[in-house]
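Reader: Could you walk me through a few computed features of this model?

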Amino acid sequence: MSRLSHEDPVLEVVRAGVRTTVQDLGRPGFAHLGVPRSGAADAGALRLANRLAGNPPGAAGLEILLGGVRLRATRAVTLAVTGAPCAVTVGDRPADPGFPLAVPAGAHVTIGRATAGLRVYLAAGGGIAVPPVLGSRSTDTLSGLGPRPVRDGDLLPVGPVTGPPPAVDVAPYPPPAGELRLRVWLGPRDDWFTASARDTLFSSEYRVSAETDRIGARLTGPALARAVDGELPSEGLVLGAIQVPANGQPLIFLADHPTTGGYPVIGVVDPADIGLVGQARPGTPVRFTPAPHR
Amino acid sequence: MRARRAGPTAVLLELDDDNAVSAAYDLLTAARTEGTLSAADIVPAARTVLIDGVTDPDRITALLPAGGPSAPSPAAGSSPTIKIPTWYDGEDLDDVARLWGTDRAGVVAIHTGTTFRVAFCGFAPGFAYLTGLDPRHHVPRRPSPRTRVPAGTVALAGPYSGVYPTPSPGGWQCVGRTDARLFDLDSDPPALLTPGATVRFVEAA
């Protein structure tokens with residue numbers, strides 16, 4: 001995306017890190033055409049960063065896997081960093097995540113390695129202004145829609161500022177949990193599993209495996225036994241669906257999940273808890289609890 | 001018809017057959033257009049319709065006839081037929097001819113002689129699952145998938161025919177190719193083949 005827009009670039013990417021993508025709140029509304037929702041894996045962290053930077057909640061920011069990014073501002077800009085905790089410097093001064101940061105023209109901004117969690121979010125006052133695709137600036141790692149991942153040397157445009165940073169000058173947010181407790185709605189296919197599999201789901205400890213990405217987080221732990229054999233015709237999937245493939249090990253679908261799938265979904269993680277999964281490193285213990293009906 | 005909850009803001013409607021899926025999809029999208037249903041996504045599939053991003057999932061079934069919809073609405077067949085010009089030179093054409101007990105020309109005659117309907121989309125943006133083949137002409141997937149199937153490949157698997165919109169791995173039996181653009185971000189809608197659409201394949205010169 002060396003220059004994807006006619007607007008003046010504001011953020012020069014000196015070092016892009018291991019995997020940095022532009023993300024907003026995704027492109028819902030096209031699932032019937034096979035287009036994934038995409039969007040920030042920890043949407044709450046992106047919303048908070050946008051609030052701190054004076055943006056509407058759905059403005060596009062950067063989703064930075066594990067931190068380790070260096071940027072240069074070509075004009076004065078308000079930045080805000082949230083999500084996985086990390087050291088931040090503006091110029092040569094330490095700065096704090098969770099605050100609006102007034103960055104002068106020409107200053108370098110360093111996002112250090114994340115000390116916990118997976119994904120750091122950076123919002124810029126005005127929002128990252130790469131051209132939208134189907135109404136969203138999100139990079140969809142499953143379908144390839146949206147801008148390609150950010151690379152060293154990219155010049156990222158930032159849109160016009162729409163509002164001042166909020167009067168409240170710090171937004172506390174909890175660090176990533178050491179152990180996840182995820183509220184689960186059983187269904188739509190809980191009846192494809194044995195009664196003991198449903199008990200196992202709520203009584204066992206699972207762990208996030210090394211196979212966790214924007215599409216989903218595979219877990220390891222006690223296998224969930226099927227009561228119904230045979231193939232399930234493909235059916236629509238929701239964010240947070242806990243799909244159980246043939247090996248019985250559950251997989252929680254995240255932002256870039258496919259629109260349909262052919263393995264039974266035993267339950268759905270409450271949307272309020274999805275950001276926790278998007279921040280969970282491999283090895284993180286996971287426990288499921290029944291969601292209170294509402 | 002059975003409504004299954006899929007989390008706090010979604011319902012998966014399970015229907016008797018693909019005609020009932022089509023009818024439910026038509027009724028629900030019409031309800032959304034009329035404003036009686038607010039939903040972010042309505043996603044038909046083989047035997048289900050997912051209604052996602054709704055505030056009152058328990059109310060969904062009240063929008064449908066008691067006992068469930070059974071036949072597509074009259075409006076359904078009224079859209080113009082989308083024609084897909086196809087060169088029948090796929091790598092699996094001879095295998096499909098053998099499975100169908102015919103020759104290459106016979107495969108072309110059967111495939112171009114079938115009126116297909118987009119049952120649902122999935123797998124990739126713009127990939128449509130087309131139904132309409134006679135059950136005698138359903139074919140298994142290839143024993144091992146290809147690592148790369150080119151964009152525009154016309155292929156068959158199970159009861160479905162489809163066209164790969166983008167290059168991808170795939171296990172379907174490849175019978176031909178088209179230069180039709182299946183997914184175009186500058187079009188509205190971006191997919192050429194949308195649920196409910198009528199489709200015919202036409203042999204390209």
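Author: Happy to! This is a predicted model, so local features need pLDDT of at least 70 and side-chain atom pairs count only at pLDDT 80 or more, while totals for chains, interfaces and linings use all residues. Residues are numbered from 1 along each chain as its sequence is written, chains are lettered from A and ligands numbered from 1 in the order in which they are written, and side-chain values use heavy atoms, with hydrogens and water left out.

Reader: How much space lies in the second largest pocket?

Author: A pocket is found on a 1 Å grid over the protein atoms alone, as an open set of points where a 1.4 Å probe fits, with protein on both sides within 12 Å along at least five of seven lines; lining residues have an atom within 4 Å of a point. Points are joined across faces, edges and corners, and the volume is the space filled by probe spheres set on them. For the second largest pocket this comes to about 940 Å³.

Reader: Which element gives the largest share of its lining?

Author: The lining has 41 residues, and the closest to the centre are A:A43, A:G44, A:P271, A:I274 and A:G275. Helices (H or I, at least four residues) and strands (E, at least two) are DSSP runs numbered from the N terminus. Two or more lining residues come from each of α1 (43–52), β5 (77–83) and α3 (274–278) of chain A. The largest share, five residues, belongs to α1(A).

Reader: How much area do domain 1 and domain 2 of chain B bury between them?

Author: The bounds, from an automatic or database domain assignment, are 2–62 for domain 1 and 82–203 for domain 2. Their C-alpha centres lie 27 Å apart, and six residues from each domain take part in the contact, meaning heavy atoms within 4.5 Å. Buried area is the accessible area (1.4 Å probe) that two parts lose on being put together, summed over both. Carbon and sulfur atoms carry 55% of it here, and the total is about 500 Å².

Reader: What is phi of A:L66?

Author: A:L66 sits in the loop between β3 (61–65) and β4 (67–73) of chain A. Its phi is positive in a residue other than glycine, near 65°.
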